[in-house]
Amino acid sequence: MRLAVPLPLPDAEIVFYPAFLELSECDRLFTELRQTIAWRHEAITLYGQSQLQPRLTAWYGDAGKSYRYSGLTMHPTPWTPLLLDLKEKVEAVSGVRFNSVLLNLYRDGNDSMGWHSDDEPELGRNPVIGSLSLGETRRFRLRHRREPTQKQELALTSGSFLLMRGTTQHNWQHQVPKTKRRVAPRVNLTFRVIA
């Protein structure tokens, strides 16, 4: 039985599964994803400036389920058998049928994700994001948009799964900050529903 830990945050619906996958399979999955995914290093637009994202990304999903953010449009690569297997596992606990996944490869501590909410129009009124982590543990920070004292930090370990739904993306931002510590690579899969 997978342990589900609801996070007691106001204006949010977030559940953390610290040991979603068996550690024995995490290394194999991590290695296979690093070697077989069509990773890209693409530019996005932030504050009117074009810059390379501080990580590698890939977009897989059902045909026609494109995703746009920060001036970048990603068209889906067809699902691989491994991604379909992982999708089935996260759907079993979330009760959601995901039709796409954004993969992020954090190569070292310089790779990061800045403060943001996953609230693009194509994600629907109350986006559901299922985030699966493999590889190195990285900090995941949350902050309330209107209540600066409301914050939370989690260690996303290999094999953990974080499910965000309801009004979470309307009220909270999240990030994976840079770190000066020497850290190994991490692969993160964020399953989504594109309307």
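**Notes on the sheet and its surroundings**

1. Seven strands make up an open sheet with antiparallel pairing, in the order S1-S2-S13-S10-S15-S8-S5. Its edge strands, each pairing on one side only, are S1 (5-6) and S5 (56-61). Strands here are DSSP runs of E with at least two residues, helices are runs of H or I with at least four residues, and both are numbered from the N terminus; two strands pair if DSSP finds at least two bridges between them. In general, the strands of a sheet pair through backbone hydrogen bonds, either parallel or antiparallel.

2. The model is a predicted one: local features need pLDDT of at least 70, side-chain atom pairs count only at pLDDT 80 or more, and totals for chains, interfaces and linings use all residues. Residues are numbered from 1 along each chain as its sequence is written, and side-chain values use heavy atoms, with hydrogens and water left out.

3. Strand S8 (residues 100-106) is largely enclosed by the rest of the structure, because seven of its seven residues are buried (buried means under 20% relative accessible area, exposed over 50%, partly exposed in between, with a 1.4 Å probe and protein chains only). Both faces of S8 are covered: Ser 100, Leu 102, Asn 104 and Tyr 106 lie on one side, and Val 101, Leu 103 and Leu 105 on the other.

4. S8 pairs in the antiparallel sense with S5 over six bridges, and with strand S15 (residues 186-192) over seven bridges. Trp 59 has Leu 102 in S8 as its bridge partner, while Ser 100 stands opposite Arg 192 in S15.

5. Elsewhere in the sheet, strand S2 (residues 13-17) and strand S13 (residues 161-165) form an antiparallel pair over five bridges. The bridge partner of Glu 13 in S13 is Arg 165.

6. Trp 39 belongs to the loop between helix H1 (23-36) and strand S3 (43-46). Trp 39 is buried, with a relative accessible area of 18%. Beyond its neighbours within four places in sequence, its contacts (heavy atoms within 4.5 Å) include Leu 56, Leu 103, Leu 105 and Val 187.

7. For the protein overall, the secondary structure comprises three helices and 15 strands. Of its 195 residues, 51% count as buried. Among contacts with a separation of 6 or more, 73% join residues 24 or more positions apart. The C-alpha trace spans about 45 × 40 × 40 Å along the principal axes.
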